[in-house]
Amino acid sequence: MRILDLIAPKDLSRVAKLQLLARQVVEGLCSGRHRSPHKGFSVEFKEHRPYVRGDELSDIDWKVFAKSDRLYIREFEEDTNLRCTLVVDCSGSMRYSGDRSEGRSKYEYAQQLAASLAYLMLGQQDTVGLITFDDDLRGQLPPRSRPSHLRALLTKLAEDVSRRETDLGGVFRKVASKLGRRGLVIIVSDAMGDVSSISRSLAQIRSRKHEVLFFQIMDPDEIDFPFSGRIQFKDLERADNEHTVEALSIREAYLKRLSEHETKLRDACRTNRVDLIRLTTDRPFADALHEYLALRRRLR
Amino acid sequence: MTLLNGLLAFGALAFTVPLAIHLLFRSRFRTVDWGAMHLLDTVIRVNRRRIQLLHLLLLLMRCLLPVLLAFCLARPILTGFQTLPGDAPQTLILAIDDSRSMSARDELETGGSRMSRLQQELTTIIGGLSRRDEVILIRASNYESPAASMGVQEALKQIKSLKTEYGPVDLDRLVRAAVDASVDSSHPQRRIIIASDFQSQMVHSGVLDALKRLSDSLSTMPIRPIINFLNFGLDSDQLANVSVDAIQIDSPAVVAGRNARYTARIRSSGDNPARDLRLIWSVDGKPLPPRTITIPPRSSITSKLTRNIEEVGLHEISLAVEHSDALLPDNRRAIAVDVIREVSVLLVDGKPSRQPLEGETDYLAIALSPFAFGGQDQPDAVRTSVIREKDLPEQLEQETPDVVVLANVEKIEGETRQQIAEFVTAGGSLIIFDGDRIDAKSYNASWGSESNAWSLPARLGELVGELPDKAEVPDQDSPPALPIGNPNPLYTPWNLLGSEEQRPFSDVEIYRYRKLITDASLNAEADEEDSLANSKTTASPLPPTADANAVTNLLTMANGDPVAISARRGKGRVLQFSIPCNTAWSSLPMRLVYLPMVQQLVLDLAGSRKQTTIDVGRGFTVSLDEFDADESQIEPSVAETPDSETGNLITRQVSYSVEHAGQPETPMETSNEEGELLVTSTDAGGTYIFRRTTPQKDGEPEIRSTLRVVEVPAEESKLRDVEEARLTAAADLIDAKVYTNMQQLQDDDRTRRFGREMWRWLLIGLLGVMIGELFLQQRISRVGAA
């Protein structure tokens with residue numbers, strides 16, 4: 001699979017122009033364009049600070065000592081590589097495709113979004129890994145920064161989506177254990193699951209010092225429930241679960257339930273300092289991505 | 001329940017359409033592979049039962065819509081309210097209050113009166129009757145006349161000609177007349193409508209008692225009529241009205257050629273002052289110079305007139321107020337005034353004295369001519385001549401007085417007795433006062449010749465009571481005064497003395513009187529067992545209509561013995577007093593009541609007892625003598641006079657006629673042998689002019705006239721609605737219903753006759769279900785959101 005099979009050339013070019021700037025500096029092995037909070041092996045001087053007992057003698061700035069007769073330690077700022085892990089939901093609920101999303105299912109949208117992010121970050125020599133899941137972890141690629149790693153990522157993303165149920169809470173806990181050093185975790189999912197469980201899992205990820213971005217992918221139909229007449233709703237995750245109802249009669253109740261779900265999810269993300277971005281499949285993902293990065297730049 | 005358009009009820013089967021649609025759509029649905037089932041599961045689980053219930057209700061409503069529409073178009077009728085077959089012919093008895101208050105204009109701008117509204121609404125009601133129905137029209141002004149049924153057209157004609165010139169109406173009499181009329185109606189379905197403005201005087205407490213009694217008789221009727229009250233009188237208190245409530249003659253008698261004073265009372269019921277009203281007094285229709293007055297809000301004023309009328313006879317005095325108000329007819333009121341010649345009274349003193357007030361007739365002479373005695377300028381209505389007993393024959397020959405008074409005259413015998421008997425028979429009045437000189441035997445004998453013989457109203461009996469010794473100061477040993485009773489309330493000339501409760505004679509002390517024995521008291525004595533009861537019967541006034549020559553007690557002692565009695569003898573009247581007319585036996589001449597008593601008595605005897613102003617609705621008589629009021633010779637009804645050319649006797653028939661309120665002159669017949677014109681009842685106010693036409697030999701008939709004024713009582717001008725609760729209570733007594741709206745009355749009647757139409761309720765139900773369906777549909781779309 002080529003990258004152009006997943007992303008239109010126009011979008012790809014726009015993505016290439018984007019600069020991904022993490023809000024927090026993450027730890028990395030390679031010097032890159034991301035600033036690190038760790039002072040160490042870098043050529044860029046940051047500041048002096050008074051010597052305290054225990055500091056390395058080699059870090060003392062003897063020139064300053066000669067001028068001021070005081071001991072100061074020289075500190076440097078070092079650039080690091082971003083270690084990013086894309087966590088993509090490939091459960092049955094992600095297969096939904098409404099009329100307004102040009103035949104693109106939520107999973108296809110997630111695929112394109114993940115591919116864009118991977119391409120962008122690999123172009124910056126950041127390491128990008130991938131985890132796909134439904135009710136369990138289904139595929140896993142460790143973070144790499146090689147350009148050829150993009151093909152492996154895209155290949156894994158292009159695998160067929162399962163019809164299994166989502167268990168976000170359980171999966172995220174497993175994901176947390178699989179993640180290595182702290183880095184950026186980008187979750188791409190519809191978040192159709194128990195929010196309290198998700199919240200606990202996010203807290204677990206955050207406790208390992210990972211920065212978490214949550215892209216919630218929704219179809220417009222799921223947001224405004226535009227159905228009327230008698231509709232048989234068949235569950236995409238469980239074949240035996242279906243309901244035949246007068247769509248209008250439950251619309252208000254559904255919207256209210258959705259609103260409650262969204263509120264809880266937002267609260268959970270805010271509590272865990274997770275950035276939640278809701279994207280709908282009728283919206284160009286590159287635009288949404290651009291908006292997000294602009295937001296991160298402002299927050300920096 | 002019946003259906004007017006039964007076939008349309010089959011449209012109710014259209015309920016199957018929404019049912020079929022529901023079932024069809026239930027099996028047809030679209031399948032959607034849904035991702036967010038995590039959210040949808042909860043919603044459906046929570047709301048499933050409620051959604052199913054609402055959908056069932058919605059289906060029920062949708063099925064109900066065609067059913068209700070079909071039944072609405074089929075016009076169902078609930079026949080449970082029906083009392084009789086709807087198409088049965090009915091008798092409609094309209095009892096209409098045509099009193100003056102019905103001419104009150106509720107809306108001054110449009111000029112519409114209550115009567116015009118009544119005519120309009122009754123025309124609508126009658127217009128809705130079928131040709132088989134009959135109408136009986138009863139007007140309050142003539143409810144005593146037999147009611148006749150009529151067709152619709154005739155009823156409409158009579159309704160249009162209704163006038164409002166009658167006086168106060170008693171509700172019970174009107175209802176009773178209508179109920180009586182319903183008994184004779186042709187159809188078993190009988191409906192009475194009492195159309196009135198229901199003024200407060202119409203439903204007094206006596207009316208409620210009468211209606212209660214009527215209710216008992218209604219319950220025994222084989223076919224009980226349905227009674228409805230149609231009330232046209234609302235907000236009477238808001239109407240501003242100026243009325244002439246009364247005109248009174250201040251002078252005791254109106255004597256020709258002498259000034260008499262009249263007082264009118266004008267009342268305004270408006271909340272604002274009635275300013276610059278023009279008052280116009282008129283005498284015999286000739287207006288006097290107008291006056292301008294202002295009446296404060298809700299108050300009365302009086303206007304006085306002093307006028308000299310030269311001609312003897314009846315004259316009309318009227319007062320008109322030029323003002324546009326709610327009730328125009330009462331802005332004018334009139335009275336008929338009987339202008340008399342000076343009354344000539346011949347006092348025969350049986351015990352004359354040179355000392356003042358010692359003579360037998362001294363007190364009487366003063367009482368009859370008080371102004372002359374007091375040296376005042378005002379004219380006395382009575383001219384008295386005091387003579388001695390021996391001068392009586394000569395005096396009677398010289399001049400015929402109006403009244404002869406025999407005061408303590410010992411006896412009248414011989415030619416004098418014959419003269420007095422003829423005087424009474426011819427129409428003169430005789431008053432006999434008792435005294436210590438009276439020879440009872442002489443008085444008790446028959447008076448007059450055999451053919452015209454008559455006796456006194458009562459035989460003179462023994463004296464009762466002891467006289468106190470005048471020389472001594474009255475003490476406990478003095479004989480007590482004998483208690484006196486009250487004057488006969490039916491004797492109207494003495495009504496002004498005071499009512500029975502006021503006891504006008506209470507301060508009169510009588511120590512001695514002569515027992516006057518009438519035939520009735522004789523019968524009472526004969527019955528020992530019922531003596532007390534019969535003595536009371538004797539004391540009670542006899543109805544004047546019982547017998548023309550019947551004896552009437554005018555005043556009695558407390559024990560029932562007569563003090564003054566009266567009876568007709570021939571064309572005249574004879575009065576007997578059991579006491580003298582001086583202070584010998586009683587203190588009566590020294591009491592205030594004495595003067596008006598003898599004045600009224602003499603004026604009554606002299607002819608002023610004519611009832612000249614009559615309340616509308618009442619009957620009256622006109623004596624033929626009135627046409628010759630200024631002449632001594634009375635014209636006979638049939639006269640024979642020699643023809644001037646041939647000398648043969650020609651019979652001339654005298655004719656009588658009456659004219660009233662611009663209506664054509666109507667011929668009249670004398671009613672009885674006494675030669676009176678009788679008007680049994682009056683149904684409208686105004687001046688009734690009676691004419692006598694006597695053909696003369698020269699061809700030009702001689703026409704003489706007299707008049708009566710019939711007026712509506714002033715109560716009709718006091719516009720005051722009866723309290724709603726009182727009217728409802730009156731209606732409840734006879735199971736009647738009060739309506740203020742003709743449409744509502746007709747609707748109820750329709751319901752009663754045909755049953756109650758249900759289509760309106762069904763239509764409202766249909767609209768309700770439609771709204772409910774829309775609401776439910778909206779509700780279903782919002783289910784679970786609350």
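Two strands pair when DSSP finds at least two bridges between them. The views below show a predicted model.

**View 1. Three strands of chain B, S11, S13 and S17, form an open antiparallel sheet.** The order across the sheet is S11-S13-S17. S11 and S17 (residues 299-308) of chain B are the edge strands, each of them pairing on one side only. From one strand to the next, the twist averages 20°. S13(B) and S17(B) run antiparallel and are joined by 10 bridges. In this view B:Ser268 is found opposite B:Ser299, a residue of S17(B). Strands of a sheet pair through backbone hydrogen bonds, in either the parallel or the antiparallel sense.

**View 2. A salt bridge connects the side chains of B:Asp245 and B:Arg267.** The N to O distance is 2.7 Å. B:Asp245 belongs to strand S11 (residues 242-249) of chain B and B:Arg267 to strand S13 (residues 259-268) of chain B, so that the pair, 22 residues apart, links distant parts of the chain. Side chains of opposite charge can pair when their charged atoms come close. Over all chains, the structure holds 33 salt bridges.

**View 3. Helices H1 (residues 16-27) and H2 (residues 37-74) of chain B pack at an angle of about 145°.** Their axes lie 7 Å apart. On the H1(B) side the contact involves B:Pro18, B:Leu19 and B:His22, and on the H2(B) side B:Leu59, B:Arg62 and B:Cys63. By class, the residues of this contact are 4 nonpolar, 1 polar and 1 charged.

**View 4. Chain A and chain B bury about 2,800 Å² between them.** Carbon and sulfur atoms account for 67% of this buried area. Chain A contributes 32 residues to the contact and chain B contributes 30 residues. The interface has 0 salt bridges by the rule applied, whereas 11 residue pairs are in polar contact across it, both residues being at pLDDT 80 or more. On the side of chain A that touches chain B, at least two residues come from each of helix H8 (220-224), strand S8 (230-235), strand S9 (242-246) and helix H9 (247-271). H9(A) gives the most to this side, with 10 residues. The side of chain A that touches chain B comprises 13 nonpolar, 8 polar and 11 charged residues.

**View 5. S8(A) pairs with strand S2 (residues 30-34) of chain B in the parallel sense.** The pairing extends over 5 bridges. A:Lys234 has B:Asp33, in S2(B), as its bridge partner.

Definitions and conventions
Residues numbered from 1 in each chain as written. Chains lettered and ligands numbered in written order. Predicted model: local features only at pLDDT ≥ 70, side-chain atom pairs only at ≥ 80, totals over all residues. Heavy atoms only, no water. Axes fitted to C-alpha atoms, helices over the stretch in contact; angles between N-to-C directions. Helix = DSSP H or I, 4+ residues; strand = E, 2+ residues; numbered from the N terminus. Contact = heavy atoms within 4.5 Å. Nonpolar A, V, L, I, M, F, W, Y, C, P; charged D, E, K, R; others polar. Buried area = accessible area lost by both parts, 1.4 Å probe. Salt bridge = Lys/Arg side-chain N within 4 Å of Asp/Glu carboxyl O. Polar contact = N/O pair within 3.5 Å; in protein donor to acceptor, adjacent residues only side chain to side chain.
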